[in-house]
Amino acid sequence: MAGNGNENGNGEFSFSASAARDALPRITTEKGGKSPTSADVCHDDTASRVNFQTIDELHSRQIKRSAPTTPPKEASNPSTPVSGETMLQSVSASLASLTRETGPKLIRGDPTSAAKVAHVPHTPPAASAADVSDSALKFTHVLHNLSPAELYEQAIKYEKGSFVTSTGALATLSGAKTGRSPKDKRVVKDETTAAELWWGKGSPNIEMDEQTFLVNRERAVDYLNSLEKVFVNDQYLNWDPENRIKVRIVSARAYHSLFMHNMCIRPTAEELENFGTPDFTIYNAGKFPCNRFTHYMTSSTSVDINLGRREMVILGTQYAGEMKKGLFGVMHYLMPKRKILSLHSGCNMGKDGDVALFFGLSGTGKTTLSTDHNRYLIGDDEHCWSDAGVSNIEGGCYAKCIDLAREKEPDIWNAIKFGTVLENVVFDEHTREVDYTDKSVTENTRAAYPIEYIPNSKIPCVGPHPKNVILLACDAFGVLPPISKLNLAQTMYHFISGYTALVAGTEEGVKEPRATFSACFGAAFIMLHPTKYAAMLAEKMQAQGATGWLVNTGWSGGSYGSGSRIKLAYTRKIIDAIHSGSLLNATYHKTEIFGLEIPNEVEGVPSEILEPINAWENKEAYKDTLLKLAGLFRSNFETFTSHKIGEDGKLTEEILAAGPTSK
């Protein structure tokens, strides 16, 4: 082959005769010939030469810096972004030790790209030599309000157990804890909170002193300062612009940062530049345990709230729900001080502006019934009711995923896409398709996504005053009617009771329902005595002319095991009748024991199930079960009888009288 070609004297290159015999085409080139012009070429996709010297320089051009959306204020150095320096100073102050130093040295950005990206360094004032710690000698990189795409990259690179699922969601693991740890939650009891908060029997608030809180805070801050990088989210709570709260979350995991990015209200670029000092700060050092020898500690986990300092510390649990519900508890304290009622409820609005609140514990259908394609979703879990109307506290939804199916919950199913956090789910190792029936990690699998992922969500998430207050109960005893209209005192009684019934495990083939009561349908999160929230609800309902309803989504014709679950289609017909206002014009009759008013007819619902006793074959068994449930209600309510509402306690007497009788 080497001798098959040669150059002749005219400067032409040609194949030898042997090549020609092989029927190859003759190819010639001319030295000094003209290059073909664009007119000579049928398709010329030649690009101009790249102006880069190295591959790293090429990569650096792939990503451009985000420009500020508002012009920076005057500064001595025009090249230094003022808002970035201010942010770092604020974060440094948040991370300051209370005893040794003013705050860590901070640099904005990912440490892996420190040499390639311009940063805004912040060095706090020098401390005395005796006060300097090792963390003061290093820079900590601050990853501030990263986008979901950036947080995906951080999680997949550095956090084991992070994967992208087939629909684009980020699957993560929360570690050993796959749910909240209510027994490890502590609230600082000082002179103010001792008088204001609900303490003692039935209360979710377990006390700790100020000094112990500071010990745990120091432990969390020291841990966060020892890291090479921390994630910082500056966001808001409450869509009501007049009453929103600025929150800062400092965490060690991209998973936690993305979770809170979804669950809190996301600031605009302009709002972020002028964010300033937060109203409340969370120090999430959940990867690091608390010291079990510290006073008040009962395990390696501690979730501590200091309302005076406006701070929360998380140690020993990586479950992200602790942050969400911790902030909800804070809102249950701060909002009533402004005469605003905080509520653990769903909320939707009709096209004519009629708003409904949905209260209900797990399994009652709160999320399902408040998500209605014919109505706008204001929110699915946490709300405020002010003099201006209702507003969602959050910027996202935190939905249960166990047994999730497209047919049953299409909105939640479709919301699980890029940007969504999937907690503790199991998926196929090859296709990355999630198996929502798999409980291998936990039954408490969850999805956290921005509320905009729900197609009929109302943005901004605010609405006028509610017309209907719907209390949902999944009564596994099968004795409560599917629908009851409540007077104001009855609404307060059942709101304070917060009843539903769960089905216990099987023992020797017998299944027994178990009554569950949670004050205000969210006892784990309230700060004040339940009657204070009930009094505020009564006042607002009375002022706005709202109607209370008790809806049973549980059993009919017998208890669990003998009766049957009320069909969801019937419950939806009942809810539709509430929304339309037709039930206000219905005729009613009153039941015995509970004294509930039952409509004689609801369009689309069989009349025989409206009166529970008519659906039971064994009437005596019905009466016995009814008296049993009434006794459970009265026993639960004894916790609240000693607390008087109002100066004369008259409302307390009315609420007590609205409960079930003994015969």
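**Leucine 422 and its surroundings**

Tutor: Leucine 422 touches Thr165, Ala169, Leu170, Ala171, Thr172, Cys401, Ile416, Val434, Tyr436, Arg446 and Ala447, leaving out residues up to four places away in sequence, where contact means heavy atoms within 4.5 Å. This is a predicted model, in which local features need pLDDT of at least 70, side-chain atom pairs count only at pLDDT 80 or more, and totals for chains, interfaces and linings use all residues. Residues are numbered from 1 along each chain as its sequence is written, and side-chain values use heavy atoms, with hydrogens and water left out.

Student: Which residues touch the most other members of the largest nonpolar core?
Tutor: They are Leu422, Phe495 and Phe594, in a core of 126 residues; a nonpolar core is a set of buried Ala, Val, Leu, Ile, Met, Phe, Trp, Tyr and Cys residues joined through side-chain atoms within 4.5 Å, and buried means under 20% relative accessible area with a 1.4 Å probe, protein chains only.

Student: And which helix gives the most to this core?
Tutor: That is H9, with eight residues; helices (H or I, at least four residues) and strands (E, at least two) are DSSP runs, numbered from the N terminus.

Student: New topic: what is the strand order in the open sheet of five strands?
Tutor: The order is E6-E7-E22-E25-E21, with mixed pairing, and two strands pair if DSSP finds at least two bridges between them. At the edges are E6 (163-164) and E21 (396-400), each pairing on one side only.

Student: How many bridges join E21 to E25?
Tutor: Five, and the two strands run antiparallel, with tyrosine 398 standing opposite alanine 448 in E25.

Terms used:
Buried means under 20% relative accessible area, exposed over 50%, partly exposed in between (1.4 Å probe, protein chains only).
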